[in-house]
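Have the structure open beside you and try each task before reading its solution.

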Number of protein chains: 2
Amino acid sequence: MENEQIVFAQFPDGLPDEQTFRYEPAEIIEPKQGEVLLETAYLSIDPYFRNGMIKGASYVTAFKIDQPIWGRGLAKVIQSKDNTVKEGDIVRGLFEWKRYNTMSAEDIEVLNVDDDIPVHWYLGALGATGQTAYHGLLEIGQPKAGETVVVSAASGAVGSVVGQIAKIKGCYVVGIAGGKAKTQYLIDELGFDDAVDYKKENYAEALAKAVPNGVDVYYENVGGTVANEVFKHLNSFARIPVCGSISNYNDKEISYEPAVQPILIKNQALMQGFLASQFKDDFEHAEKDLAQWIKDGKIKTKTSLVKGFGNIPSAFRALFTGKEIGKQIVQVSSVLD
Amino acid sequence: MENEQIVFAQFPDGLPDEQTFRYEPAEIIEPKQGEVLLETAYLSIDPYFRNGMIKGASYVTAFKIDQPIWGRGLAKVIQSKDNTVKEGDIVRGLFEWKRYNTMSAEDIEVLNVDDDIPVHWYLGALGATGQTAYHGLLEIGQPKAGETVVVSAASGAVGSVVGQIAKIKGCYVVGIAGGKAKTQYLIDELGFDDAVDYKKENYAEALAKAVPNGVDVYYENVGGTVANEVFKHLNSFARIPVCGSISNYNDKEISYEPAVQPILIKNQALMQGFLASQFKDDFEHAEKDLAQWIKDGKIKTKTSLVKGFGNIPSAFRALFTGKEIGKQIVQVSSVLD
């Protein structure tokens, strides 16, 4: 039983590459009273990590050079010195990117997993991804039946859930994604009302056609040109939950966009940046809703499940090159199979 | 008794000038049943008019070429054919820029003016200006005692009231204004905790010093560089009521500013554009608060009162050249003296 970790090796210049990460051996730390030893099974690979790789970033996820990177994951309890957690329990938490983590039992969540649902979904539609979609859309977006909801990065982990929740709420849902395969997936498999390909030259025109009644809620994952075109169609009192801005994350310099203030005033519109964590008091309630919708077949998700701890850098890069559909997860070990 | 009106003559190219407006004779229209004939006493001159002078604007105040411009004003009832309004009543409403207007009694508000307060304040701190300050700050900004509130265009009509209400609510208040006279006025006369001169070269540095605890509420009137520096100091869960963006109003092309999405996410911050009208159900309550604060000496205001219907174009320009402090009002006639 040997441990291994991935540390943040250097600040990326633009798109992160192999040099951003460094693999190195690590010790296995014997748990003390109140602690548990965990074997990592799955790690969630998310675009927001990129925010923590900016020099001087004061972001909640800021990583430190030569220190392990960390993010959400699922693990199995190998050894427990806490009486609330048993060996063999499946747990979720913020883990350092290691094969084995030793943590306080207070910092992990013991899952009561549903055997009908693949366990890695507890990092996706039933995890932080689903929570991010749910609260951003429902708490900030406040969609009403009949309204038009537009979501960008719509075939991505969060966006695909956002659109399906908006459908459940009776909205007219338009997804924005890159390429024919993704837009077809949104319409044919996820039941979106329409989808627009932002990579096509006629993006502005296609978007205008797709939202004849304007836009009431724009769930923002992308920023840049994709967003600026949506802003032209906002209705009065539009709401814009700002979940991400992936088009900006790899910019070497600050991106300049049309000033947003005149747009917000003209439409009496609201834009609100958020992290799922601010809604944590309501996570349990949301998880119940999400699980029910999944069982009812109202929320479908796709996972790009990559096997092997060594494939994390390439899985992370894939988020920005737009190759994959859905949630990116790396399976580190088969301990939960 | 002769009538005269000001029509929107042509779209301004940048800063509006004399050619933007055209004076012409007008008829006095005999009121029908349910209508009143009004003699204009005061007209409010506001930066937001500029939004209505943009080709293709779908803004609530969009003006039409060769049609009268209109805005808030006070008038005296000269003749009434409605039994809810009497001759001699003082009324407030959205008036066309004419010496005499004939309107439905339903579209005007009969004021019960307080003799201790100059009547033109009913266009300022006790009118739409005060309502804009009050609701934007309190409903959207949600300031809590001890928090830092920053307001731009702080010596202006709305900004000066915003800062004083924030002081009443126990906040630490920093105003941004152009020039020594204005910043001194904010500190010495209005009781702001600090004030920063955006026209000075060291603006960024001076602002950083003025907000050692970051910014919880930024009441936005200006946009551009002034705003972008404030954004660097936002605290988590900051709120930004967007009332105006005067730095952009005369731009001949769209202004490009750093993308706001990453800023909003990083700080889990909210930006909301608004018009005072969306809070109209609460105007009465707000007016009571404002009147009380004015009587208690907690809200002071300055008015730049220009006499003469012919001086409207220059009063409007003065809003953008930053020469005047406080509320801009044109006294059209002495009918309410």
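Two strands count as paired if DSSP finds at least two bridges between them. Strands (E, at least two residues) and helices (H or I, at least four) are DSSP runs, numbered from the N terminus. This is a predicted model, in which local features need pLDDT of at least 70 and side-chain atom pairs count only at pLDDT 80 or more, while totals for chains, interfaces and linings use all residues. Residues are numbered from 1 along each chain as its sequence is written, chains are lettered from A in the order in which they are written, and side-chain values use heavy atoms, leaving out hydrogens and water.

**Exercise 1.** Find which residue of strand 13 of chain B is the bridge partner of A:Pro258.

*Solution.* Start with the strands: strand 13 of chain A and strand 13 (residues 256–258) of chain B run antiparallel and are joined by three bridges. Now go to A:Pro258, whose bridge partner is B:Tyr256.

**Exercise 2.** Work out what rotation superposes chain A on chain B.

*Solution.* Superpose the copies by least squares on the C-alpha atoms of residues with pLDDT of at least 70 in both. The rotation is 180 degrees, with 0.0 Å of shift along its axis and an RMSD of 0.0 Å. That is the relation of a two-fold axis. Both copies use the same surface, since 100% of the contact residues of chain A recur in chain B (contact means heavy atoms within 4.5 Å).

**Exercise 3.** Describe the interface of chain A and chain B by area and by residues.

*Solution.* First, the contacts: 34 residues of chain A touch 34 residues of chain B. Next, the buried area, meaning the accessible area (1.4 Å probe) that two parts lose on being put together, summed over both. The value is about 2,700 Å², with 67% from carbon and sulfur atoms. A:Gln261, A:Ile265 and A:Gln268 supply 24% of what chain A buries against chain B, more than any other three residues. Finally, the elements: helix 7 of chain A gives the most to this side, with five residues.

**Exercise 4.** Count the salt bridges across the interface, then over all chains.

*Solution.* Apply the rule: a side-chain nitrogen of Lys or Arg within 4 Å of a carboxyl oxygen of Asp or Glu. A:Glu109 lies in strand 7 (residues 108–110) and A:Arg92 in strand 5 (residues 90–96) of chain A, so the pair ties together parts 17 residues apart in sequence.
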